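User: I'd like to learn how to read a few features of a model, one at a time. Can we walk through this one together?

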Amino acid sequence: MLCQNCQTKDAAVHLKQIINGEAIELHLCPDCAAAMGYSDMLGIFQLPFGRIFGAAAGKQSAAPEQHCPTCGFTFSDISHSGRPGCPDCYRFFADKLAPSIRKIHGRAVYTGKIPESAGKGAQNERRLRELKSQMDDAVRQQDFERAAFLRDEIKDIVGKETNG
């Protein structure tokens with residue numbers, strides 16, 4: 001997509017502004033965005049993924065760097081660019097990426113939505129996992145009344161599954 005202002009360079013800055021309920025979109029090249037005063041504003045929104053992943057990279061030892069067997073990226077490559085080279089990088093560098101992902105998203109495990117087509121079994125399975133986790137937390141906090149309540153709720157769900 002070409003810049004809407006100069007019509008010569010590729011648009012790299014995409015802005016959406018809502019005024020009185022109407023959305024106005026601007027697609028600008030970096031030069032036109034800077035000339036129009038948008039470059040200062042954009043610095044606020046840019047996430048420092050390179051610095052976030054880079055913090056974990058600084059904790060590495062001086063051992064030779066490992067390369068992702070699929071794309072050849074190293075963890076340094078990920079920390080400099082702020083993104084993995086391929087989906088396999090997530091598995092290969094899981095131990096190094098997990099703390100940064102947890103810091104960004106609040107957890108390192110994706111729990112996404114369960115499609116309705118998966119049926120009640122998948123929904124019950126997720127609910128059981130959540131209840132067991134809550135029960136373990138209650139036991140750790142020595143809140144045994146809550147743990148017993150959660151245990152009973154787990155038994156109800158398991159009983160309904162086995163009885164049909």
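User: Let's start with one side chain: is Glu-153 buried, partly exposed or exposed?

Analyst: The general idea is a scale of relative accessible area: buried is under 20%, exposed is over 50%, and partly exposed is in between, using a 1.4 Å probe and protein chains only. Glu-153 has a relative accessible area of 23%, so Glu-153 is partly exposed. Before we go on, this is a predicted model, where local features need pLDDT of at least 70, side-chain atom pairs count only at pLDDT 80 or more, and totals for chains, interfaces and linings use all residues. Residues are numbered from 1 along each chain as its sequence is written, and side-chain values use heavy atoms, with hydrogens and water left out.

User: Which residue forms a salt bridge with Glu-153?

Analyst: A salt bridge here is a side-chain nitrogen of Lys or Arg within 4 Å of a carboxyl oxygen of Asp or Glu. For Glu-153 the partner is Arg-127, with the closest N and O atoms 2.7 Å apart. Glu-153 sits in helix H8 (residues 144-163) and Arg-127 in helix H7 (residues 119-140), so the pair links distant parts of the chain, 26 residues apart. Helices, by the way, are DSSP runs of H or I with at least four residues, strands are runs of E with at least two, and both are numbered from the N terminus. Arg-127 is partly exposed at 31%. Glu-130 joins in too: Arg-127, Glu-130 and Glu-153 are linked in a network of salt bridges.

User: How many salt bridges does the structure hold?

Analyst: Six. One of them pairs Lys-9 with Asp-31, the closest N and O atoms being 2.2 Å apart. Lys-9 lies in the segment before strand S1 (13-19) and Asp-31 in helix H1 (residues 30-35), so this bridge ties together parts that are 22 residues apart in sequence. Both ends are partly exposed: Lys-9 has a relative accessible area of 38%, and Asp-31 has 46%.

User: Now the inside. Which residues make up the largest nonpolar core?

Analyst: Think of a nonpolar core as a set of buried Ala, Val, Leu, Ile, Met, Phe, Trp, Tyr and Cys residues joined through side-chain atoms within 4.5 Å. In this model the largest one has eight: Cys-68, Phe-75, Ile-78, Cys-86, Cys-89, Phe-93, Leu-97 and Ile-101.

User: Is His-27 buried or exposed?

Analyst: Buried, at 13% relative accessibility. His-27 lies in strand S2 (residues 22-28). For its neighbours, contact means heavy atoms within 4.5 Å. Leaving out residues up to four places away in sequence, His-27 touches Met-1, Leu-2, Cys-3, Gln-4, Ala-11, Val-13 and His-14.

User: And the whole chain: how many helices and strands does it have?

Analyst: Eight helices and two strands. From the N terminus on, the order is β-β-α-α-α-α-α-α-α-α. Buried residues make up 21% of the 164 residues.
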